Structure formats: C-alpha cells, structure tokens
2 protein chains.
Amino acid sequence: MSNPIYSLQVDLPASGVDRSYPIIIGHGLLADGERFTELLGDAPVVLVSNDTVAPLYLPRVRNALGKTRKVTEVILPDGEDQKHLMSADHIWQQALKDHHERRSIFIALGGGVIGDLTGYAAACFLRGVDFIQLPTTLLAQVDSSVGGKTAVNHPLGKNMIGAFHQPKAVLIDLDSLLTLPDREFAAGIAETIKYGCIWDSDFFNWLVQHSDALRGRSNDVLAEAVQRSCAIKAGVVSQDEREGGLRAILNFGHTFAHAIEQTMGYGAWLHGEAVACGMVMAAKISAARDQLSGETVAQLEQFLASFDLPVEPPTEMSPEGFLEVMAGDKKVDRGKIRYILLQSLGEACLVDDVTIEEIAQAME
Amino acid sequence: MSNPIYSLQVDLPASGVDRSYPIIIGHGLLADGERFTELLGDAPVVLVSNDTVAPLYLPRVRNALGKTRKVTEVILPDGEDQKHLMSADHIWQQALKDHHERRSIFIALGGGVIGDLTGYAAACFLRGVDFIQLPTTLLAQVDSSVGGKTAVNHPLGKNMIGAFHQPKAVLIDLDSLLTLPDREFAAGIAETIKYGCIWDSDFFNWLVQHSDALRGRSNDVLAEAVQRSCAIKAGVVSQDEREGGLRAILNFGHTFAHAIEQTMGYGAWLHGEAVACGMVMAAKISAARDQLSGETVAQLEQFLASFDLPVEPPTEMSPEGFLEVMAGDKKVDRGKIRYILLQSLGEACLVDDVTIEEIAQAME
C-alpha cells in the first residue's frame with residue numbers, strides 16, 4: 001500500500017451507523033490495489049467516469065480493483081451539461097442490468113460533475129449504497145468531493161435535485177493534477193482561495209505568496225494547498241453537515257456564481273470560473289461596507305487574474321438579471337436572497353440585505 | 001383541534017436533529033386546520049395527490065391549510081404505473097416554478113403510490129425538505145406511510161430508486177376508509193394480517209375472529225386494526241430504520257409479491273393483492289418445513305379469500321419465472337435471494353435456501 005502524505009478524518013454524528021470517513025491525500029493512490037482491497041473487501045463496484053478522464057486513469061483503477069471483482073463501468077460524456085437526472089438514470093439502468101446489490105459500491109472517477117452525479121446515483125440506488133470519491137480535478141479535490149453534497153442540475157436551477165450522502169472515503173491522487181488542463185486547474189484554485197477568504201487569513205496570504213509555485217504546479221505547494229483546503233472543509237462540514245448554519249459560508253461567491261452559470265448555460269463558464277467572479281463581487285460589496293480593505297480586494301483580484309480566471313461578470317448580465325435568477329436559488333429563505341460576505345479577511349458573514357445598487361457597484 | 005383516538009411516536013436515533021415523529025389516528029384529521037397550523041407554522045406547502053383522491057379530499061385539506069399559506073397543488077393520474085422518475089420530476093418542476101424553499105413542506109394526500117413518490121420527491125428537492133403523510137387508503141395507513149421508505153419504480157424493478165426519508169408526521173384519518181373501493185380496502189387488509197403473521201399471533205387470531213366486522217368496516221374494529229398495525233411497524237422501524245436486519249421481516253410475502261407485480265405489469269395486481277398471494281406461498285413453504293401448522297395456513301388463506309384477495313399466483317407464472325425476476329430484487333445478497341418465512345405463527349425468520357421445488361409446491 002502506498003504511503004499517503006496526509007490523511008484526515010471527517011467526523012460526523014452517528015445515525016445508527018458511524019458515518020465518519022477518511023480523506024487520504026498522496027501520490028499513486030489511483031493504482032493502489034491494496035488500499036482498494038482494504039476499503040472495498042470483495043464488494044462489487046459500479047465505476048463511473050467520463051470520456052476525458054477514463055482514457056487517462058480508468059485502466060490503472062480497473063487494474064487496482066483486481067481481476068476477480070465484478071465491475072460495471074459507466075462512461076459518460078464530459079461536461080457540466082451532463083449533470084442531469086437522465087445521466088443518473090443511465091447509471092441506475094446499467095447497475096440494475098448487472099444485478100448490483102445493496103453491498104455494491106459506486107466509485108466516482110473524475111471531477112465535480114462525476115462526483116456529484118455518482119454520489120446522487122449512489123444515494124438513491126436501492127435507497128442508498130456506499131460510494132467512494134476519486135477526484136481527479138483540483139476543484140473536486142479541494143471542494144466537491146468532501147462533505148457529502150450530491151446533486152444533479154435541473155433546467156430550473158443548479159444542484160436543485162440531490163441528497164446529503166457522505167462518501168465512504170475520498171482518495172486524492174495528486175498525480176492527476178499534472179495532466180489537468182490550465183483552465184480546469186485555475187477553476188480549482190478559485191475554490192482554494194475561497195477557504196482563505198472565509199476561514200483563514202494566513203492561508204490566504206500563503207496562497208498569494210505562493211501563486212507562482214502554484215501556477216508551476218509544484219508538488220509540495222500543491223500538496224499543502226490541497227490538504228489545508230480539505231482540513232478547513234472537513235472542519236466546517238463536521239460542525240454542520242446539512243447546512244443548518246455555519247456550512248453556508250462555503251457558498252462565498254456561489255450565489256452570484258450560480259446565477260452566472262445558469263444564465264450563460266451550464267458548462268459555458270466552469271463552476272470555479274463563476275466562483276472566482278462571484279467572490280470578487282462579494283468581496284467588493286464587503287469592502288463597500290467597510291468590512292474589507294481595498295488592498296485585500298485587489299490582492300484577491302490579482303491572484304485570480306494571474307490564473308486567467310474571470311474577475312468581471314459576463315457583459316450579458318445586468319443587476320436585474322442577477323436578482324431574477326438568484327430569486328430561484330436554494331439559498332433563498334422566506335423570499336429573501338441570502339449572501340455570504342466577508343466580515344473581515346478570514347471571517348465570513350451571512351446577510352440578506354444586499355441592494356441592487358450594491359450589486360451594480362460590484363459589477364463595475 | 002379534533003381529538004385523536006390514538007397517537008404514537010416513531011422513535012429514531014438522532015442525527016444532528018431529532019427525527020422522531022408522531023403517527024396520529026382519528027376522525028376528521030384531514031379537515032383539522034389547527035393541527036396543520038401546529039405542524040406547519042406558516043411554511044409554504046407542495047400538496048401532491050391523484051385525480052381519484054383529490055376530488056374527494058383535496059378541498060377539505062386545502063381549506064384546513066388556510067387562505068394565506070402558499071400552496072402548490074400537483075395532481076397526478078391515479079395508478080402504480082405513475083410511480084416513476086418522471087412523476088417525481090414533474091413535482092420538482094412545479095415546486096421550482098413556484099420558487100419553493102428549503103422550509104417548504106411537501107404533503108402526500110393519497111395511497112401508497114402518492115406517499116412513496118412524494119416522499120422521494122421531498123427527499124431530493126433541494127437535497128431534502130420535510131414532508132407529511134396523509135394516507136387515504138388502508139394499505140398506506142397501516143404500512144407504506146410509516147417508516148420512511150420512499151421510492152419510485154424503475155422499468156428494471158420495483159422501488160429500485162429511492163431514499164430513507166422519514167416524514168415529519170403521519171395523520172391517519174379513518175373517515176377516508178369509508179369511501180375506499182372494496183378492492184383497495186382488501187389490499188390493505190392483506191398488510192394488516194402480515195403483522196399478525198410475523199409479530200403477534202394474538203393479533204392474527206383477533207383479525208381472523210373479526211373478519212366479518214372488518215369487511216363491514218366497523219369503525220371500532222378498523223380503528224383497532226390500524227393502531228395495532230402501526231404500533232408493530234413503528235416498533236420494528238425504531239429498532240432498524242435502514243433494514244440492516246430486523247426490518248426485513250416486514251417483507252414477509254413481498255419477495256414473491258414484487259415478482260408478481262413486475263411480471264404482470266405494475267398496476268395489474270394491486271400491491272396488497274400480490275402480497276396476499278406471496279404470504280400464502282411463504283406460509284406454505286414454512287408449513288412444508290414443519291414450522292407452521294396446516295391449520296394456520298388454511299386460516300390465513302380463508303381470511304384473505306373472504307376479502308376476495310388472490311391466494312394463488314397468476315397462471316402465467318412458473319417457478320422458473322419467479323426465480324428469474326426475484327434474482328433482480330433489492331433483497332438479493334451475494335447473489336442469493338433472501339426470503340422471509342415464518343418460524344412459527346407470530347415469529348418471522350430470514351432464509352436464503354428456498355429451492356425451486358419448494359416454490360413449485362407452494363404454487364399448487
């Protein structure tokens with residue numbers, strides 16, 4: 001079994017069974033047969049991936065799962081536009097055709113789309129089977145694979161149909177970051193600095209200082225960025241699994257981001273790109289409320305822009321357009337749109353009194 | 001607020017939040033505005049029913065929910081063949097169009113199909129919202145509305161896609177049994193005597209003794225049958241919410257029943273009709289194993305037949321046909337079909353060694 005360079009535990013309140021699970025970070029994990037045997041025993045597997053990731057990594061995972069195990073492979077087209085109910089139905093169809101059982105385990109090999117979709121499919125298959133996350137994109141490694149939020153998009157809104165369903169384990173193989181296209185890599189960086197903004201100003205400053213090494217994909221710097229991000233997310237999720245309160249801060253930038261993604265058509269902007277722009281908007285509103293310095297906003301913008309991430313909303317969108325789409329978001333409560341702003345660098349706050357004028361100003 | 005004649009609590013292990021809930025049994029509950037206010041506060045409602053039940057009961061529920069509350073009505077065609085993913089999607093579509101939020105509450109007004117479907121829709125809407133069961137059929141009142149099993153059917157198997165999602169409350173209005181067609185009423189009776197078979201021989205004998213009064217729908221006898229059934233089910237579910245062990249006994253007769261329903265086409269046999277036939281088959285196998293007296297099997301058959309329930313499998317089905325369909329059932333473990341038999345009257349047991357010869361004999 002390969003030595004992980006880092007591993008941490010996501011602690012969750014038991015509900016009849018213990019639902020805590022490990023996040024393991026290291027090199028070569030996708031090919032680590034002993035670890036799969038330890039995690040899976042002889043359980044049958046439904047292995048879900050997409051046609052971009054599968055040619056790169058599916059053979060080594062398939063091999064690591066062993067020759068005697070029943071494995072059903074489901075390879076979907078790549079793209080956010082595939083994250084819909086009919087893709088979940090396709091996974092169910094294949095799993096049922098192969099007579100998979102409650103002890104079967106679903107494995108998600110890919111980015112956030114594959115992880116969210118496979119997790120949702122696992123949550124509903126035979127009323128819930130275990131699943132394992134093998135995130136291959138930076139965004140999935142630092143964000144979507146941890147925390148048990150699963151979902152598919154609906155034509156009327158992003159992630160509207162889903163479940164809280166915690167994985168049995170998350171295996172983060174840092175090797176997969178080396179083949180990641182620049183645009184996908186940058187999208188993950190956006191979520192990384194989010195944690196600095198909402199939780200840890202030291203991490204924010206560390207990321208800003210190491211932006212060159214991050215862009216160069218230095219092994220050590222990437223490993224530290226991933227583990228610090230996962231540790232923050234695991235800590236927040238442990239305290240508030242179902243977003244009754246604290247967990248909402250992880251949505252910093254996301255209210256604006258979802259509106260951008262939905263308006264532009266799922267997949268036109270990568271999720272991380274929309275989050276980059278959304279964070280800048282939320283930071284600008286925070287600064288206009290004297291909760292954040294102009295210097296910090298500039299640092300955030302420069303950091304994101306140095307990865308070619310968008311820091312301005314699409315020209316197609318107006319303040320009214322944002323409000324109209326955001327009114328349909330999951331984060332609406334009693335008709336009021338809830339926003340995550342920064343109380344200061346490293347500390348988030350939740351408000352529902354953002355005005356259309358503030359949004360207009362943040363779009364400039 | 002009307003006085004319930006009986007109420008009990010389903011106790012469940014907490015998971016961050018308390019998930020225990022009441023089952024309230026009485027007369028006039030569907031029109032009890034004060035009770036709805038107590039349960040719902042001012043929460044918006046998505047009210048799901050079908051075109052058979054809605055004309056009978058929707059106006060009184062609508063009225064009891066009050067004039068100022070936001071209520072989205074979703075009326076589906078009646079029938080088991082409507083319990084599919086696209087019906088859930090239709091509910092989501094209507095709820096999203098009306099901008100429902102996480103604090104919105106889904107209400108299922110109808111039988112088992114509406115309850116299972118609405119529960120599943122609630123489990124996945126915005127990753128889970130509360131729902132309330134208003135079961136209007138005997139089968140839903142004594143079985144499907146209690147216990148948190150929600151699901152839709154898949155072309156490859158019954159209840160294959162679903163979730164464990166406990167209701168916030170179950171309100172059982174006995175008045176609705178008076179309008180129930182005989183065939184639907186009988187289907188519910190089948191599940192009632194199931195509890196006697198697997199858990200409580202006194203209840204079995206009491207039902208057999210009171211079969212005339214039950215057929216006459218005597219208020220008092222019905223009330224007692226419903227409350228004793230609910231109490232047994234609540235007790236079993238409290239001990240094993242997710243069917244890790246004990247709960248499986250509730251599936252007495254169901255392995256055969258699901259095969260009949262799937263083979264004949266969903267809706268051709270009512271679920272309770274298929275369960276009646278499946279219980280007789282399972283009882284005959286138990287008797288052939290000297291675990292049950294021939295006299296008890298005869299009592300069970302006579303009781304069911306007196307309600308015009310089928311006690312013989314459809315002539316279209318062979319022992320091989322049963323085995324082929326059952327191999328795809330959720331209750332399969334490591335390739336072996338699991339059956340619930342009776343160890344004695346009032347005590348169930350789980351086995352996986354039923355032979356094709358035993359099935360053939362039970363079909364005679």
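## A tour of the predicted model

Start in chain B and select B:Thr192, B:Tyr195 and B:Trp199 in helix H6(B): these residues meet B:Ala225, B:Ser229 and B:Ile232 in helix H9(B). Colour that contact by class and you'll get four nonpolar, two polar and no charged residues. Keep in mind that you're looking at a predicted model.

Select residues 182–199 of chain B for H6 and residues 219–239 of chain B for H9. What angle do H6 and H9 of chain B pack at? It's about 50°, and their axes are 9 Å apart. Angles under 35 degrees would count as roughly parallel and 65 to 115 as roughly perpendicular, so H6(B) and H9(B) are oblique to each other. Look at the handedness too: the crossing of H6(B) and H9(B) is left-handed.

**Next stop: a helix pair in chain A**

Hop over to chain A and select residues 254–264, which is helix H10, plus residues 271–288, which is helix H11. The axes of H10(A) and H11(A) come within 7 Å and cross at roughly 130°. That makes this pair oblique as well. Is the crossing of H10(A) and H11(A) left-handed or right-handed? H10(A) passes H11(A) in a right-handed crossing.

To see who does the touching, show side chains. On the H10(A) side, pick residues including A:Phe256, A:Ile260 and A:Glu261. Sorted by class, the contact of H10(A) with H11(A) has eight nonpolar, four polar and one charged residues.

**The sheet in chain A**

Stay in chain A and switch to a cartoon view. Look for an open sheet of seven strands, in the order E1-E2-E9-E6-E5-E3-E4, with mixed pairing. Which strands stand at the edges? They are E1 and E4 (71–76) of chain A; each has a single partner strand, so one side of each is left without a neighbour in the sheet. On average, neighbouring strands here are turned by 15° against each other, direction ignored.

Zoom in on residues 105–110 (strand E5) and 131–135 (strand E6) of chain A: the two strands run parallel and are joined by five bridges. For one example, click A:Gly110 and then its bridge partner in E6(A), A:Pro135.

**Zoom out: two domains**

Colour residues 6–179 of chain A one way and 182–362 another: these are domain 1 and domain 2 in the domain assignment. Their centres, taken over C-alpha atoms, are separated by 25 Å. Where they meet, 30 residues of domain 1 are in contact with 32 residues of domain 2. Which element gives the largest share of the domain 1 side? That's H5(A), with five residues. The domain 1 side as a whole divides into 17 nonpolar, eight polar and five charged residues.

**Last stop: where the chains meet**

Finally, show chains A and B together. The contact takes 36 residues from chain A and 36 residues from chain B. On the chain A side, H3, helix H4 (112–124), strand E7 (149–154) and E8 each supply at least two residues. By class, that chain A side has 16 nonpolar, nine polar and 11 charged residues.

Notes. Residues numbered from 1 in each chain as written. Chains lettered and ligands numbered in written order. Predicted model: local features only at pLDDT ≥ 70, side-chain atom pairs only at ≥ 80, totals over all residues. Axes fitted to C-alpha atoms, helices over the stretch in contact; angles between N-to-C directions. Helix = DSSP H or I, 4+ residues; strand = E, 2+ residues; numbered from the N terminus. Parallel < 35°, antiparallel > 145°, perpendicular 65-115°, else oblique. Left-handed = near helix turned anticlockwise from the far one by under 90°. Contact = placed C-beta atoms within 7 Å. Nonpolar A, V, L, I, M, F, W, Y, C, P; charged D, E, K, R; others polar. Domains from an automatic or database assignment. Pairing = 2+ DSSP bridges.
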